[in-house]
Amino acid sequence: MKSSTELKSSTKLYFKKTREVVNSIFRVDIISKSRKRNVVNARMIYSKILREKHISYNVIGKSILKNHASIIYYTKSINWLLAYDKPLLDKYNDCLELLNDDDVSYSHLNKTELVLLIKQLQK
């Protein structure tokens, strides 16, 4: 059985990983105060992913400096948007794919190695 500090630590890591994945897919910072559509969509995706893991509205809100009511709105609105917005659905699926891809980790690579890897993948 994991201790409460281990659970908190693993949850924090999952929040960080989710935030990084969503930020990279949408090319935004979800913690920013921007109200641009792309940033709000990214926050909605982030909220939906965490809510599917049964994390409370309040905890999700605190992680992106928002009120729990905003997270409730995000999680209710995103389902409708995903049904009608194919590019947003594709980004959502990309986020899920990256989050579920635990076999590959690139965190040990430095910036130069990552750039080389990206150039190889583009070829």
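Modeller: Start with Arg51, which lies over the face of Tyr57, 3.9 Å from the ring centre. This is a predicted model, where local features need pLDDT of at least 70, side-chain atom pairs count only at pLDDT 80 or more, and totals for chains, interfaces and linings use all residues. Numbering starts from 1 along each chain as its sequence is written, and side-chain values use heavy atoms, leaving out hydrogens and water.

Biologist: Why is the pair Trp80 and Tyr84 called tilted?

Modeller: Rings of Phe, Tyr and Trp (its six-membered ring) pair if their centres lie within 6.5 Å; planes under 30 degrees apart are stacked, over 60 edge-to-face, and the rest tilted. Here the centres are 5.2 Å apart and the planes at 45 degrees, so tilted it is. By that rule there are two aromatic pairs.

Biologist: And how far apart are Trp80 and Tyr84 along helix 4?

Modeller: Four residues, which means about one helical turn. Helices are DSSP runs (H or I, at least four residues), strands likewise (E, at least two), numbered from the N terminus. The protein has six helices and zero strands.

Biologist: Are Trp80 and Tyr84 buried or exposed?

Modeller: Both are exposed, meaning over 50% relative accessible area; buried is under 20%, partly exposed in between (1.4 Å probe, protein chains only).

Note on methods
A charge sits over a ring if NZ of Lys or CZ of Arg is within 6 Å of the ring centre and within 35 degrees of the ring normal.
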